[in-house]
Each structure stands twice: as C-alpha cells, then as structure tokens.
Amino acid sequence: MYDLSMVRLWGASLLVCALGVASAETPQQEADRLFTEGREALSKNDPKRACELFESAIKLDASATGTMLNLGLCYEQMGKYASSIKWFRKAQSAASENKLTQYEDAAKTHTGAISPKVSILTISLANAASAEVRVDGIPVESVDYGRMEVDSGSHTVTGTAEGKALATQTIEIKEAENKPVTLVFKNEVEIDRGKPRRKLAYIVGGSGGAILIGVAAWGIADKIAYDNADKSDDKTRNRLQHRQHVYNTTLFGVGSAAVIAAGILYFTAPGKERVAEDTAFSPVITPDQVGFAYGRSF
C-alpha cells in the first residue's frame, strides 16, 4: 500500500517546482523588463540608472535596436557624448539592416547633433614603431590612434612595447576638445636594488662563519689541553675552563649573530626589476637588529 501522506508531499513538491519553472523569466522577458524599467528611469530624469538598466538589457538581447537608441539617449543626457554616439551608430546600422526607417532616422539625427560635442584623443608613439595602447584599460586599434573618441573628463592612456618600459599618461579633456597625446617609450633596463644589501650579507656572513670556525678550532684545542692536563693542575684546568666559558662563548654568540644578520639581509634584499633607463634610484641599506640568548659549558 502507498503512504497517502507521502503521495501528498510528493504532489505538493511537484506543484512547487512547476510553479517555479512557470514563473521564471526567459532571457527575452528579462530584457524586456529591464528595458521598461530603463524607460521609467529616463522619464524620472535618472539617466545614470537608465543606462545601467539598458546595458543589462542589451547583454540579454544584443540585437534590440530600441535598446541601442535608448542607450544613446541616456548617455547623451549624461553628457557622455562618445558613449552616446557609439550606440546611436550601432542603432542606425541595425535599423538600416532591418528596414526600421523611423529608428534609423532618429539615430541619424542624434548622431549629427552630438558629433561636434565629442572629445577626441590623437595618439602618437615616440621611440617605438608599434605598441599595444589602452585607454582606461580598453585596447585601442592602431587605425584609431588618429581619432579616438572619448567622453570628457579624466582618462589614463597606457602603452606597452617590446623592450620598452610602460608608458602612461593621465589626461583631462573637455567637451569637443581635440587633444594630442604622445606616449614616450623609454628603453627598459634591469636594475638590482638589492645588490649592495646582498654584498653586505656576504661580508657579514663570511665574517660570522670565520669566527665560528675559529671558535670551534679554539674550543677543540682547549678541550684537548684540558683533558691532557694533570688532574692535580687546577690552575691550568681552571684557566682553560674559564676561557671557554667567557671568551669562546662570547665569540660564539658574535659569530652566530653575524650569520643570522647576514641571512636576514640576504633574504630581505629587493630582487631585480626592469625599469625605464633614466629612472633614478639610490640603494638604501638598513640592517636588522638581532637579539638572542645562548649558553655553553664543558
């Protein structure tokens, strides 16, 4: 026999799942909803929010000519004319392909109106035949160096070329301004800021090692002398033992400290790096202080 309560539970679960599937939006429905919300934001004079909604909608429906037009409108209201004209051009092209005359005419009208307001960067390269250029992190094709349309405001222009240091400029450009930007590429050289510090580490470590070797040799010699001394010769045995406790132990500490300090100097030294050939630098050496306790006896 079937457990009636379990049957009811399964039935309820299936109903919930079915309702969940039925209520889920398709990508097209979501795009339509975002578009509607974007239009509402535009009507409330909130072009920034409208652009965010239209950008989300166009990702779901990349061929929506109406969304392209509205992206042009919201960016135009924000004064971002390069972004605006980009979308109006897309809308005009899409409308022409789909025989949407009204949309095509609207896009063409707006393009003509805002074209004189667009800010232009004219990019040139110095000391490099070719380079990978980016404006605000977005790659720029070499064919667009002569006319790179950007929104007014602050922009960062960077360029990378083989064997050259990174070239970068941050510029401010006004509405309708045509601004030349020259990326000057400097030869890249390898520098080693940590070399003086590592050299000091070798000297300190070598000195510490030499002291430890000397301490060991001295300790062995004194131990042999101590063992060979007449057991009744307390003066000699006490002198050897005192020397080991005081002098050898102290020297052992000094040698150990030098080796530890050398290790710290070496492993904390900066590594090699590549910079522009005229980059000025000066080495800074700041040896770390080391404290420790030790003890030793025969």
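This is a predicted model: local features need pLDDT of at least 70, side-chain atom pairs count only at pLDDT 80 or more; totals for chains, interfaces and linings use all residues.

Start by showing the aromatic side chains: the count comes to three aromatic pairs, where rings of Phe, Tyr and Trp (its six-membered ring) pair if their centres lie within 6.5 Å. Plane angles under 30 degrees count as stacked, over 60 as edge-to-face and the rest as tilted.

Select Phe 35 and Phe 54. Their ring centres are 5.7 Å apart and the planes stand at 50 degrees, so this pair is tilted. Phe 35 belongs to helix 2 (residues 27-43) and Phe 54 to helix 3 (residues 47-60), 19 residues apart; helices here are DSSP runs of H or I with at least four residues, strands are runs of E with at least two, and both are numbered from the N terminus. Now colour by relative accessible area (buried is under 20%, exposed over 50%, partly exposed in between, with a 1.4 Å probe and protein chains only). Phe 54 is buried at 0%, while Phe 35 is partly exposed at 25%.

Next, select Tyr 202 and Tyr 266. This pair is also tilted, because the centres are 5.9 Å apart and the planes at 45 degrees. Tyr 202 sits in helix 7 (residues 195-228) and Tyr 266 in helix 8 (residues 234-267), so the pair ties together parts 64 residues apart in sequence. Tyr 202 is exposed at 55% relative accessibility, and Tyr 266 is partly exposed at 34%.

Residues are numbered from 1 along each chain as its sequence is written, and side-chain values use heavy atoms, with hydrogens and water left out.

Which residues line the largest cavity? Select Gly 79, Tyr 81, Ala 82, Lys 117, Val 118, Ser 119, Val 150, Asp 151, Ser 152 and Glu 175. A cavity is a set of points on a 1 Å grid over the protein atoms alone where a 1.4 Å probe fits but cannot get out, and lining residues have an atom within 4 Å of a point.

Finally, zoom out and show the cartoon: the chain has eight helices and nine strands. Of its 298 residues, 31% count as buried.

Methods: On a 1 Å grid over the protein atoms alone, a cavity is a set of points where a 1.4 Å probe fits but cannot get out, and a pocket is an open set with protein on both sides within 12 Å along at least five of seven lines; lining residues have an atom within 4 Å of a point.
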